[in-house]
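Me: Could you take a close look at one chain of this model for me? I'd like a connected picture of how it is built and how it sits among its copies.

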Amino acid sequence: MSATDARAAASNAAATLERVRSESPLVQNITNYVVMNTTANALLAVGASPAMVHAVEEVEEFVGISRALVINVGTLSAPWVEAMRAAATRAAERGIPWVLDPVGAGATAFRTGVSQELARLRPAAIRGNASEIMAVAGGSGGTKGVDSTQRSADSLDAARELASRLGTVVAVTGATDYVTDGTRMVAVSNGHAMMARVTGLGCTATALCGAFLAVEKDPLAAVAHALAVLGVAGEMAADLSHGPGSLQLHLLDALYTMDERVLADRARVDWGS
Amino acid sequence: MSATDARAAASNAAATLERVRSESPLVQNITNYVVMNTTANALLAVGASPAMVHAVEEVEEFVGISRALVINVGTLSAPWVEAMRAAATRAAERGIPWVLDPVGAGATAFRTGVSQELARLRPAAIRGNASEIMAVAGGSGGTKGVDSTQRSADSLDAARELASRLGTVVAVTGATDYVTDGTRMVAVSNGHAMMARVTGLGCTATALCGAFLAVEKDPLAAVAHALAVLGVAGEMAADLSHGPGSLQLHLLDALYTMDERVLADRARVDWGS
Amino acid sequence: MSATDARAAASNAAATLERVRSESPLVQNITNYVVMNTTANALLAVGASPAMVHAVEEVEEFVGISRALVINVGTLSAPWVEAMRAAATRAAERGIPWVLDPVGAGATAFRTGVSQELARLRPAAIRGNASEIMAVAGGSGGTKGVDSTQRSADSLDAARELASRLGTVVAVTGATDYVTDGTRMVAVSNGHAMMARVTGLGCTATALCGAFLAVEKDPLAAVAHALAVLGVAGEMAADLSHGPGSLQLHLLDALYTMDERVLADRARVDWGS
């Protein structure tokens with residue numbers, strides 16, 4: 001990609017981030033217990049307004065006041081599935097963008113089945129690692145617990161097919177993140193290896209996708225920008241960190257302080273011009 | 001308020017904190033998933049002994065060994081409501097002070113209804129933002145998710161009325177916190193804007209109210225002192241922080257190290273003499 | 001113990017840690033809401049691969065791909081007990097080591113009963129404070145909430161008897177940690193008093209025992225090494241910390257960076273030669 005394209009991509013990512021900050025969209029999360037605190041903090045750090053609301057008694061009503069919905073199956077159980085189904089259906093009906101994180105799809109029949117069912121309820125985007133995306137697409141994912149055993153590049157065909165079939169955007173994250181709507185394919189090459197030693201940064205990526213989908217109509221751009229912002233924040237944090245404890249702290253600070261100049265320096269978003 | 005009054009107020013807050021540290025009261029929490037870890041850490045940092053116990057099978061038995069109870073409806077679901085009701089009833093019967101945090105009251109019929117029902121079970125105190133307190137009082141709160149859209153000063157009439165009607169103390173927190181028992185009104189003007197970018201610091205305020213209610217018989221003083229201590233800790237933390245990640249860390253350290261001198265310098269508790 | 005024995009013990013602990021890092025075992029956790037995030041982060045920091053999976057629909061299937069299982073009763077409720085029972089039974093059948101953390105046993109009849117029942121399902125190890133181990137063994141634990149009121153040395157007889165009766169390893173943690181298989185008794189004298197002001201470090205100890213049991217066949221050694229590694233990390237962290245907020249951060253960094261040299265300097269593991 002040319003230097004001009006790179007600058008434009010970084011500038012667009014910065015503009016989307018700025019809209020999250022100025023509009024502070026309410027983002028509803030039906031997510032897993034492990035990351036509820038950390039993804040709420042990441043959403044607050046970029047300027048969004050998170051709410052963790054999952055009771056079947058109120059989940060649809062709450063969708064009505066939200067600007068985006070995040071559904072993450074990380075710590076699944078039967079009552080939650082019912083709430084996820086109801087909230088996703090309502091969001092799709094109302095045109096409220098929602099994003100699916102099929103954590104651990106492929107690891108058990110239960111979570112593969114639930115993830116595939118939810119994927120058919122018209123999410124604006126799906127984000128997972130290579131194994132998870134393969135499993136949602138119907139292939140054999142080879143998941144080892146919640147960590148991917150597939151190289152993300154290997155799953156790009158599955159991602160493209162899934163995106164086309166469902167009319168959604170699919171992101172396969174890894175050392176390089178790939179985002180596709182079935183036709184276009186964007187590569188985001190930010191991040192740092194130490195991020196894999198902090199729990200739930202994949203879930204954080206999905207949560208940020210929710211916030212960016214709330215303010216940006218093109219879901220391919222929204223997801224690519226969210227992944228670039230998180231990856232750059234991870235790099236900034238790694239520069240200051242001695243381990244995963246300090247990385248997590250500096251990552252939140254970096255999301256809070258990030259500006260267009262930093263993104264122009266660091267963001268590597270390739271629209272495959 | 002006079003300088004003498006200000007010094008006395010700070011000194012009283014320090015004395016209550018010192019009693020939390022020396023008595024290390026067991027504080028039972030039925031709280032939301034997002035803040036279980038962070039409110040437990042805040043309670044530990046001030047010297048209390050937190051326990052997160054909510055199963056209906058044991059919740060009443062556990063009230064019997066606790067010195068205070070915190071009920072927070074943040075991530076409500078039907079089985080938890082049953083446990084909250086049982087625990088609150090038992091605490092009121094036994095004279096164990098309990099504090100209600102009606103997170104998101106006003107946002108859905110479910111949580112408004114549950115919050116109003118629990119408020120009638122004789123809490124020693126209720127703490128919320130302006131929207132939440134308005135909703136519990138029966139007005140139209142205009143909640144946007146879990147963040148307030150009402151200025152706290154606007155809700156003072158509702159707080160006073162609610163406190164009088166229920167015979168409780170009501171705290172409306174915001175840029176300035178107001179605490180009332182229906183007659184008296186205390187204003188606490190501590191804290192820092194960046195605190196709103198860390199999830200669950202309102203819930204942390206409520207948890208600290210629980211610890212302070214365990215050792216201080218006057219609930220108006222207990223709540224005012226807890227809010228002052230948290231606000232001062234937030235200011236101390238903000239001085240050292242580059243963003244919400246570091247703020248959260250330094251806040252716990254500040255709660256742990258706070259002493260009377262710091263409170264004398266910083267606490268702004270106005271008893272409206 | 002001789003200097004030679006001390007060096008050998010530290011070297012063995014370092015070797016076990018190195019195997020966790022190189023093998024990155026998948027460790028399944030059915031644990032409490034308070035510590036899900038922090039114990040996942042501790043497992044990641046030592047190089048293991050944590051998964052928090054507890055739904056009864058998938059818990060047994062997941063055991064089949066895990067190398068160790070951690071069961072922690074901290075925030076117990078009836079549906080979880082069913083999943084714990086199923087997972088523990090399956091793990092024992094398959095020869096997958098599992099470790100029990102009977103958080104708060106002794107505090108209520110519900111959690112004492114569940115802890116005693118789970119203890120009979122052939123765990124490789126049980127870790128608790130003195131009160132909890134006394135309660136599991138059937139004595140009167142005198143638990144004050146989740147914090148021990150018994151000196152750990154007082155409960156060594158109970159630990160030895162429990163270990164012999166169940167054919168398991170029992171660890172009683174406190175200022176000094178004691179680990180026994182009913183015959184041998186290992187003392188680990190690491191750690192720092194400020195660790196008690198961070199929630200869930202006992203649960204973190206148990207989680208690390210799970211990771212170490214996955215790679216080390218002698219459960220007595222696995223547990224002793226896990227406790228030494230955590231204790232040394234706590235000391236390293238305390239050297240850098242002003243309070244419990246910074247302690248938690250530096251603890252994760254210390255687990256991540258720890259090497260044989262640090263363990264040789266700091267580890268105090270006495271096999272009572």
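Reply: Happy to. In chain A of this predicted model, residues 24 or more positions apart supply 69% of the contacts with a separation of 6 or more. Contact here means heavy atoms within 4.5 Å.

The elements behind this picture are 11 helices and nine strands in chain A. The radius of gyration of chain A is 17 Å, close to the 19 Å that the globule rule gives for 273 residues, so the chain is as compact as a globular protein of that length. Its C-alpha trace spans about 45 × 35 × 35 Å along the principal axes. Burial comes next: 66% of the 273 residues of chain A count as buried, where buried means under 20% relative accessible area.

Finally, the copies. Chain A is superposed on chain C by a rotation of 120 degrees, with 0.0 Å of shift along the axis and an RMSD of 0.0 Å. That is the relation of a three-fold axis. Within chain A, the C-alpha nearest this axis belongs to A:Y33, at 3.7 Å from it. Only 7% of the interface residues of chain A are also interface residues in chain C, so the copies meet through different surfaces.

Terms used
Residues numbered from 1 in each chain as written. Chains lettered and ligands numbered in written order. Predicted model: local features only at pLDDT ≥ 70, side-chain atom pairs only at ≥ 80, totals over all residues. Heavy atoms only, no water. Helix = DSSP H or I, 4+ residues; strand = E, 2+ residues; numbered from the N terminus. Rg over C-alpha atoms; globule rule 2.2 N^0.38 Å. Buried < 20%, exposed > 50% of the residue type's maximum accessible area, 1.4 Å probe, protein only. Least-squares fit on C-alpha atoms with pLDDT ≥ 70 in both.
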